[in-house]
Amino acid sequence: MKVKRVVITGIGIWSCIGHNKQEVSASLRAGRSGIGIDAARSEYGFRSPLTGIVDTPDLKALLHRRLRTGMSQEAQYAYMAAREAFEQAGVDEQYLLDNEVGVLFGNDSTALPTVEMHEQMLAKHDTALLGSGLIFQSMNSTVNMNLSTIFHLRGINFSVSAACASGSHSIGLGAMFIRQGLQQMVLVGGAQEVNPYAMAAFDALGTFSARTAEPQKASRPFDTDRDGLVPSGGAAALVLEDYEHAVARGATILAEVCGYGFSSNGGGISQPSSEGSLIAMQRALQDAGVTADDIDYVNAHATSTKQGDEEEAVALTRLFGGKRAWVSSTKSMTGHECWMAGASEAVYSVLMMQEGFVAPNINLEHVDPAAETLRIATTTVETPVNTVLSNSFGFGGTNSAIVLRTL
């Protein structure tokens, strides 16, 4: 059986650095941070109130109340990203009604509606008063079930729940379905809620930066003075499509998904691993039929944690140390977008490929010794970007790497 080629024909984004592709691209090029202080977190008892500031979209003019009722916070973000991605891909409602399209979305929590249900039950002691919407908001599959309903998606349909690699795995799995000829088009992506309830347990681990005096300097991937990550969220969506199908319908091709690599560390539940990271990257390069010398840019997972950045730097150095590939972590601007991150960073990478620049790793003042042979971009670099490796690693030892290239 002939293996299908997989291309990206549409991207969409709703993040702390912009509500659409144009705003986000401008922020990436300018090295503009979307991180700030959430007073509600301080009031709630957080050690760190730092977060990516993500606006809530107003869906009243876009969706009927019946459709909005079952949408969680992250599903609302995902709708805006998917809407933009389908529009760029030239996929309208009639196309969705006439053709089978799948949906695979990364999501690994939905805390807010769960807490709301609990509080209502404590106050009223009557399940009949909960209404019907909270069940659809509280399920981990809330994003793809809402998107499949709103957009009439009738193909493959499930959530990818793999911690901070969820969004990246959704791209890899979507590409696999298309490669095997099981789907012609799949909407993939990742979404992350930003309410305090979703992040309190993470704050308890002491993994968040406490650099509250300078919020926009708090996320410092690969910097020796980093003191933790900054949580963030939003949603990103990509339309993946069989290359021949895209050409036949006259779609504009943004990039090709040519490599997917994965691994599991098999160690401590929260311990990063340079070996596991390396295996995922090597597998992605092999799958794409490229070498480290072919990579123009690496979008690093680097979250601004002490151990995580160091372990990834060790793995990156084994592949890219002293080589020409530019490296940066866009989390320096966005914070760690968690379940969304693998998808949003693929979108960020496509924007760089389309516009010919590498976004900077801001706040990098003193490079970690483990990363000193890497070509880290500390300012915006205007350069052609044709082949990209994007890394995503998560709790439980799950690792994912994606290779994208222009045609």
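Just after helix α8, His152 takes a positive phi of about 60 degrees. Helices here are DSSP runs of H or I with at least four residues, strands are runs of E with at least two, and both are numbered from the N terminus.

A word on the model. It is predicted, so local features need pLDDT of at least 70, side-chain atom pairs count only at pLDDT 80 or more, and totals for chains, interfaces and linings use all residues. Residues are numbered from 1 along each chain as its sequence is written, and side-chain values use heavy atoms, with hydrogens and water left out.

Now α8 itself. Buried means under 20% relative accessible area, exposed means over 50%, and partly exposed is in between, using a 1.4 Å probe and protein chains only. Which residues of α8 are buried? They are Thr142, Val143, Asn144, Asn146, Leu147, Ser148 and Ile150. What covers them? The cover includes helices α3 (65-68), α4 (73-89) and α7 (133-138). It also includes strands β4 (102-106), β5 (157-160) and β6 (185-192).

Back to phi. Most residues other than glycine have a negative phi. His125 has a positive one, near 50 degrees. His125 sits in the loop between α6 (111-124) and α7. Ala163 is not a glycine either, yet its phi is positive, about 50 degrees. Ala163 lies in the loop between β5 and α9 (166-179).

Buried or exposed? His125 is exposed, at 63% relative accessible area. Ala163 is buried, at 8%.

Definitions and conventions: Contact means heavy atoms within 4.5 Å.
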